[in-house]
Structures are given as C-alpha cells and as structure tokens.
Number of protein chains: 2
Amino acid sequence: MSLETEGALTPVPMRIGVVAPPWYRIPPSAYGGTEAVVAALVDQLVARGHHVTLVASGPPGTAAQRYVRVFDEPPSDLLGISIAPELIQALESRRALPDEDVDLVHDHSAAGPLLAGASTRPTVVTVHGTVDGINGDLLRRLDGSVHLVAISDAQRRLAPDLNWVGTVHNAVDVASFPLRRDKSDDVVWLGRFSPDKGAHVAIEVAARAGRRLILAGKLNDAAERSYFSEEIRPSLGPRVRYVGEVDAAQKRELLAGASCLLFPIQWDEPFGMVMAEALACGTPVVSTPRGSVPEVVRHGETGFVCGSVDELVAAVMAVDSIDPDACRADAEARFDLPVMGAGYERVYRLLLDALA
Amino acid sequence: MSLETEGALTPVPMRIGVVAPPWYRIPPSAYGGTEAVVAALVDQLVARGHHVTLVASGPPGTAAQRYVRVFDEPPSDLLGISIAPELIQALESRRALPDEDVDLVHDHSAAGPLLAGASTRPTVVTVHGTVDGINGDLLRRLDGSVHLVAISDAQRRLAPDLNWVGTVHNAVDVASFPLRRDKSDDVVWLGRFSPDKGAHVAIEVAARAGRRLILAGKLNDAAERSYFSEEIRPSLGPRVRYVGEVDAAQKRELLAGASCLLFPIQWDEPFGMVMAEALACGTPVVSTPRGSVPEVVRHGETGFVCGSVDELVAAVMAVDSIDPDACRADAEARFDLPVMGAGYERVYRLLLDALA
C-alpha cells in the first residue's frame, strides 16, 4: 500500500451496503467490467476497516462481512429478455438494507436507485455507462437522495447538470500485471470490434509507422462481424495479425510485450480500462483525445495523446522515449485498487459529513 | 350495452390512474395485445363516468380526461436493449399520480409496481404475462398494496399464493367483428409459429378430418423460422395453405369464413385472444384443454374442448352442430369491451370498499 492510502485509513468505520447488478457473479468468472470493479471495491472497503453488506447473486466471492444472495446463480440467460431480475434485485436490496443497518448504499444496479426515495440514508450510484440520451434522462429523474459518482471527469462534463458528488477512476490490480522493460517492436490493439474502438485506424497507423500490429478482442455479434469482415479482414497478413479473444494471462503477455498500446478511440468512452492495464505493464499508450484519454494518458510521460493520424504515426515511432517504469509508477499512483478504495471512501465521508 | 353493464353503472365516479407500458402507442398502431387492452379499458372507464389519467407515450389516443405523455414517441427501438424507458416511466408515473389526485392506480407496466410501496393508495396490476418462473418471483415480492388481477382463472391457479384480487378476462370489440352464418368447409389456424401454439397439430387434425387448413400468422424470429421450415413447410400444398401475416381486416375475413378456429394450444396460455375473436365472428373453436381454453370455450355450445387428436378430428367434423349465433351471443355476453370495463370497475370498488 502507498503512503497516501495508509494515511487515508479512516478512524470511524462506515456501514456500507453495496448493490451489484444481478446478471453476473461478483467477481465475474469471465466478462463483466462493472462486476470486477464492484468486487475489488468491496474488498478494498473491508481492508480499510469498513463493514460491507454485498447484495449480489451466485456464490460469495468477496471479503464482504455480510452477503445477501439474491439468486443462487445469476440469471445471465435472461439478459435482454426479461427485466424481472433487475426489479427483483431492487426489491431485495431495499429489504436487505434497512435504513438503520447501513450508513449509505452504493448501488451499481439499474433499477435499485428507483427505490432510493423510500429511504432516509443517502445512495451513491456509480455511473458505469454513458450519460447521454436515455441514460441521462433516467439519471436526471432519480430522487435527490441519489448522488452520482463519475468514472472520469470527461464523463461528468458530458452532463454537468446531474447530481454529481465526485469522480473516482476505475482501477486495476496493478500487482497482477507484469512490468516488462524489454519490449518488442510490435504494437497492440485490444478491444471490441466496434468502429468506435478504432481498430481500422490502428491498422492505418501501424502500417504507416512500419510496425507489426497485433489485434485481439471479442468478435461476437452481427455488427462486430460485419465491421470485421469489411474493415479489418482485408488487411490481415504477416504485418496485421488477429489473435482472437484473449484470456487474462494472454492479455498480460500481449500488453507487456508490445512497444505500445494503440488506442485510437473514436468516441467519448467514460473510462478505457485497457489503458490502465497497459500502463500497469509499463507499456505506453498512443491514443486520441476522446473521453477519459486525456485524464489517463500523461502526454510525453506515459504515452501520447494525438489529434490526427499523422500524429499517431509519429507517436508510435517515438514510443521508445517513454520510460516503462514511469508508466508503471503512474498506474500504481492513480489506477491501483487502493486508490479507488480511498477515492470512494472520500466520497462517502464527504456525503455523510455534509448530511450530518 | 347489455342490461348487466348498465346496471353496473356506479353512482360514485372514481379517479383512476392508468399506467401503460412505455414501448408502444396506446392504442397500438400495429402489434401490442396489452396496449390494445389498456386503450379499450381507458375508454370504457371514461364511458362509465370515471375520471382517468393515462400515463403513456406517443400522441394521445384514448378518451382519458388527463394524458401524461412520458415520451413524445414510444422508444420501441430500445426494447430488449435498455431498461431505462421502463424505469423512467415508473418514476414519471409516480410523480404524475400523487396520492391526493387518484383513488387508485392501475399499472400495466413492468417497473411501475416497484414504487407502490411509496404510496398510500392501492395499486391494481393486471398480470398480462406468465406467472411461473421469474415473473412469479417478482410478483411475489411486490409490496402488499399491489393487488393482482388475473386474465383467466387458469392463470390464477398456476400461482394461487399471489395477492390476487380478481379475474377479468381480456375483451375484444365484438361489434367490429362480422357475424357470418354461412361458413366454408375450411378450418383456420392463426397465431405465432411457436410449437406451443400447435400449428403442427392443426395440420394433422385437418388432414385426418378431410378439411382444407388455412394457416396465418407472424414468422419473424429464428426460432419461428426454424420450426416453420421443419414442421410446417413440408405439409404446405393445396390442402394446407399459409397466407402469411394478416391485418385486422384479413383476420376478420378469415375467421368469419371458416367452419372453425382450430386452436390446439400446447401450453397454459393465460388468455387466448383469438378464441374471443373467432366467437365474435360466430365461428366455433376446436381446442385443447390448456390454460384459459376451458373458461373461454363452452364445450358443445361454442366449440369443443378435446383431450386427444382423435377427439380434435371428430370435433372438426362435428362443428356444423354449433350455432354461429350462440358463439356471437357468448362473445357479447362474456368477452365484449363493456364486460371488461364492468369487471375492472367491480375490482376497483371491491378494493376501495375493503380499504375504506
């Protein structure tokens, strides 16, 4: 633990109710970015001396002192088919977290915040998704006792009128990522095959920079397959390789060995977790200034934030100037799990003090 | 209006908040069984002297004295993709229907009943879907102020422990269906191409009875297409015709002209609307004893309820013994819109009297 984290240990433990989404285990067995964040947060809060009640589904998988198991197994097969699991989860979490038992509720589910108005204690909601369109419409209508946490300042700027109480970046377990100082010349791109993620831009940039490109990621639904067939497949060959979906170990190997993560994101993604993972491996990030990127990448220190394809090409050719140890150190200082734990603890404390 | 309906006119008007699902217009422009029932119910309640506030989306389309329009147009494109419309609808309906403005709320949405606990007035919820599995789990957890109405006694028997307050059959606008006394020899089957709906049974029964069979219905998703290809298409020919999806006018023409509706349902469907539509046309129903069938079809008077394929074959050959006028009269007496309006009015009154 860093000095900052230790210094933040609170003298007064809080009683926190954490509500997970109903769809996957906590932590998730495979995919589930939000679920991984929830699991890590619970463990961090317990490590910091707080009492956590976790409301979730499936076998217990965190350090929470009390576990309320809504479904024996998460009803993943009903995702997109029935909203009943969300509604049941909301009713059960309201019942499992009576006002006298918790100081506040931190709700990561979709329907749970609907019932915040029936409670006297504050509810913190982390906005894991987008804040525009229908999601913003919903957040705007929640009870005033619901306080929102952004996962980046960029996300917050897209809807400044919402009831924000703070920003806490998502985090990764930095120690679980290998720091490697001797990199190959390859560049790596990792993500879903959606045009928004910019794999087609990565292909152009790598080619012009004279680097071999490794693409890795999920290729499941019809839109992803069609984009891949039209924009990606024609470029595959010895200089552009697609290695399929990768597991946790393969991801670490890929990120650690690459000269850089090429992250030419084409939309205002609230938080790009793979950037934090690359930095944890001591791998610089070459990226575009969209969404959370300017907050995550320190231009010239841990990578480059580039406004054009020309700049991206030049950046890829200049990544050797970035020190892997600086990337790793920045990941530890800003995107490690204890930092996220301390960030949420600060938000809770702020809120309870303000309401006291 | 029948005498019974006039007799039920209440001396004391009620103030009723009706909450529709958010996904389609009320009434629906095309599909939407629940939406059609909601629209008809609103109009019936107004005709009976009550004050109705309808919370729905899209342009106003009912006689409701007050209309709260949540979305300018229903967000149908988000169905199955985002639950935010359901949650917004729930929050807006709670806000639009303060306790002092309505005597009770009749909620047809999925998420709305979650907020019933925050209210002092009773909420009536019609269970339009199934009551087993996850839906029953949800209904079982709702606040005690939520009173459920079944659309058939059969539905109610599948979950007798739920907080039922009554049964009100769905209804059709009988006057909009043509009564025809001179029928062809053809039999008609009308529905979705799901094995549960028994089109493959209808083919066998019609063939053995020596009748020509007309199949009509939706054929959209992958499961429907696969069932159709394997079980239905090989039998198509001069004696088994598939006429595609039918509109309201074509449906009436088909039902009115057929010697019977063949309805060999293979599951406990809560209410089979097409049976009421056939009866309204003076067309007998030949069916299997599942779900609402024994409540809807009067065996030997308006059709036959048959426990085996042999019995179905014999029934198809005996449908001439059924009087079209008896079918029409039964539809008017039990499945016409004013009957449904009176049924719900009785439920509301019962509830308000019990709580007074």
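User: Which strands of chain A does helix α9 lie across?
Analyst: Helix α9 (residues 273–280) of chain A lies across β8, β11 and β12 of chain A. It runs at about 170° to β11(A). Contact means heavy atoms within 4.5 Å. Axes are lines fitted to C-alpha atoms, for helices over the stretch in contact, and angles run from 0 to 180 degrees between N-to-C directions. Helices (H or I, at least four residues) and strands (E, at least two) are DSSP runs, numbered from the N terminus.

User: Before we go on, what kind of model is this?
Analyst: It is a predicted model, where local features need pLDDT of at least 70 and side-chain atom pairs count only at pLDDT 80 or more, while totals for chains, interfaces and linings use all residues. Residues are numbered from 1 along each chain as its sequence is written, chains are lettered from A and ligands numbered from 1 in the order in which they are written, and side-chain values use heavy atoms, with hydrogens and water left out.

User: What is the mean pLDDT of chain A?
Analyst: It is 94, and 97% of the residues in chain A reach 70 or more. pLDDT is the predictor's confidence in each residue, from 0 to 100.

User: Where does pLDDT stay under 50 in chain A?
Analyst: Over residues 1–7. The model has four contacts beyond four places in sequence for that stretch.

User: And what ipTM does the complex get?
Analyst: The predictor gives an ipTM of 0.90 and a pTM of 0.91.

User: Back to the strands. What is the order in the sheet of six?
Analyst: The order is β10-β9-β8-β11-β12-β13 in chain A. The sheet is open and the pairing is parallel. Two strands pair if DSSP finds at least two bridges between them.

User: Which strands stand at its edges?
Analyst: β10 (240–242) and β13 (303–305) of chain A. Each has a single partner strand, so one side of each is left without a neighbour in the sheet. Neighbouring strands here are turned by 25° against each other on average, direction ignored.

User: How many bridges link β12 and β13 of chain A?
Analyst: Three, in the parallel sense, with β12(A) spanning residues 285–287. Ser287(A) has Val305(A) as its bridge partner in β13(A).

User: Which strands does helix α8 touch?
Analyst: Helix α8 (residues 248–257) of chain A packs on this sheet and touches β8 (187–190), β9 (213–216) and β11 (260–263) of chain A. The direction of α8(A) makes about 140° with that of β8(A).

User: What about the sheet of seven strands, what's its order?
Analyst: β3-β2-β1-β4-β5-β6-β7 in chain A, an open sheet with parallel pairing. β3 (66–69) and β7 (164–167) of chain A stand at the edges with a single partner strand each, so one side of each has no neighbour in the sheet. Neighbouring strands of this sheet are turned by 20° on average, direction ignored.

User: How many bridges pair β2 with β3 there?
Analyst: Four, with β2(A) covering residues 51–56. Arg69(A) in β3(A) is the bridge partner of Ala56(A).

User: New topic. How many residues does each chain bring to the contact?
Analyst: Chain B gives 24 residues and chain A gives 24 residues. The buried area is about 2,100 Å², and carbon and sulfur atoms give 78% of it. Buried area is the accessible area (1.4 Å probe) that two parts lose on being put together, summed over both. Leu114(B), Ile134(B) and Arg141(B) supply 32% of the area that chain B buries against chain A, more than any other three residues.

User: How many salt bridges cross the interface?
Analyst: Two. A salt bridge is a side-chain nitrogen of Lys or Arg within 4 Å of a carboxyl oxygen of Asp or Glu. Glu92(A) and Arg141(B) meet in a salt bridge, at 2.6 Å from N to O.

User: Why does the salt bridge of Arg140(A) and Asp161(A) tie separate parts together?
Analyst: Their closest N and O atoms are 2.6 Å apart. Arg140(A) lies in helix α4 (residues 133–141) and Asp161(A) in the loop between α5 (153–157) and β7 of chain A, so the pair ties together parts 21 residues apart in sequence.

User: Which peptide bond of chain A is cis?
Analyst: One joins Ile26(A) and Pro27(A), with omega about -5°. Pro27(A) is in the loop between β1 (15–19) and α2 (33–47) of chain A.
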